[in-house]
Amino acid sequence: MSATAPITQDVMTIPRKLPDGPINLVGLTRAAMRDVLIAQGTPEKQANMRVGQIWQWIYQWGVRDFAEMTNLAKPYRASLAENFVIEIPEVVSKQVSEDGTRKYLVRIAGGHEVEVVYIPEESRGTLCISSQVGCTLTCSFCHTGTQKLVRNLTAAEIVGQVMMARDDLGEWPVPGTRTEESHARLLSNIVLMGMGEPLYNFENVRDAMKIAMDPEGISLSRRRITLSTSGVVPEIARTAEEIGCLLAVSFHATTDEVRNTLVPVNKRWNIETLLDVLRTYPKVANSERITFEYAMLKGINDSDEDARRLVKLIEGIPAKINLIPFNEWPGAPYERSSGNRIHAFAKIVLNAGYASPVRRPRGEDIMAACGQLKSATERARKSRRQIEAETGSGR
Ligand code: SAH
Ligand code: SF4
């Protein structure tokens, strides 16, 4: 050990006490990682720099072994290895669809499982990640909604899904370089559209997305991250202020009566309240259009009148309407609208000046499409009444 190497001296600083057992560095905010490094013995003056270095190893180069962090002195690496781990969820199984969509089942602490879907497209690759095991909300057309909430994912488990997918895609660049230098990113976009309501797990989702957006983290632009909410109004303003990513809203109906049945959270925050907060979102978040997701359910929400009401409701909001042909699942109480109906609906929306892309279902053969996700281990179907009794109505 050389007494002159500055990092060697770090290790010799008397450490403040760390809690028992190794701490997972994945998912820690910069401030939180700084704190644990200082407690481990890193001098305060160097802590910010060390956070940046370690972040790069973890999030830009995919390194999980401290020994490989070659710009840190060996004794410092050894001390890090004694105190910390770099851990992400474990992949239990992977299915690849005929269209190239990949669905992963990943296991998180406690033996719970969540699904993650990678959707390759011509000019981008989108990872659809989960924020909760199950969901407290009980949207009547959603498969996840039939599974009671088991628990929120931690920030490590959320950003860990991105790291897991980059492992599987083999897209970590050679340390010292950036992905973009060798090829366009395979994983270029993130959507929080998997299992769960992200805004009921706000802090963990925020911390994970901050890492995804940080130039020393996963380094994706905030315009490449879309958070989808069923309409948790109080947290939408916070999303604008504290995350600043793009927003998608599960709208699905044009009257409160219908929306109450499809998206029951509407009973708490109705269409008018939701639209009010959406009007302010783009300004606060300095973001572009809001995406209105609209599942096309035969005879329920797909009439010309619905389309006209929809464009009237959202007047003045920079918006795109994403029409999602309903994806069926075993026991689903709805049917998909016909292609002609979807087309007619889209035309009215388009003529009113809004982009109205019809989302092409991806990975249907492996049940990876929107709203079909549900952990195999917890697939036992529950009745609506049972779910409501267990979770309380609304939240
Ligand atoms: N909980 C969040 C995000 C996950 S759902 C939310 O509700 O926004 C992602 C999108 O798929 C939502 O718009 C959801 O309403 C929609 N969806 C759910 N089940 C569906 C189904 N069976 N067919 C089509 N879209 C569905
Ligand atoms: Fe939960 Fe979203 Fe499904 Fe509704 S649509 S039950 S909020 S995951």
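Analyst: A crossing is called left-handed if the near helix is turned anticlockwise from the far one by less than a right angle, and right-handed if clockwise. The model is predicted, so local features need pLDDT of at least 70 and side-chain atom pairs count only at pLDDT 80 or more, while totals for chains, interfaces and linings use all residues. Residues are numbered from 1 along each chain as written, chains are lettered from A and ligands numbered from 1 in the order written, and side-chain values use heavy atoms, without hydrogens and water.

User: What makes helix 2 oblique to helix 3?

Analyst: Helix 2 (residues 30-40) and helix 3 (residues 44-60) pack at about 120 degrees with axes 9 Å apart, which makes helix 2 oblique to helix 3, since under 35 degrees counts as roughly parallel, over 145 as roughly antiparallel, 65 to 115 as roughly perpendicular and the rest as oblique. Angles run from 0 to 180 degrees between N-to-C directions, along lines fitted to C-alpha atoms over the stretch in contact. The crossing of helix 2 and helix 3 is right-handed.

User: Why is helix 11 called roughly parallel to helix 12?

Analyst: Helix 11 (residues 304-313) and helix 12 (residues 339-351) pack at an angle of about 30 degrees, with axes 9 Å apart, and therefore helix 11 is roughly parallel to helix 12. Helix 11 passes helix 12 in a right-handed crossing.

User: What lines the second largest cavity, and what volume does this cavity have?

Analyst: The whole structure holds two cavities of 30 Å³ or more, a cavity being a set of points on a 1 Å grid over the protein atoms alone where a 1.4 Å probe fits but cannot get out, whereas a pocket is an open set with protein on both sides within 12 Å along at least five of seven lines, and lining residues have an atom within 4 Å of a point. The second largest cavity has a volume of about 70 Å³, and among its 13 lining residues Gln 60, Pro 173, Arg 178, Thr 179 and Arg 185 lie nearest its centre. Helix 3 and helix 6 (179-182) each give two or more residues to this lining.

Note on methods:
Helix = DSSP H or I, 4+ residues; strand = E, 2+ residues; numbered from the N terminus. Points joined across faces, edges and corners; volume = space filled by probe spheres on them.
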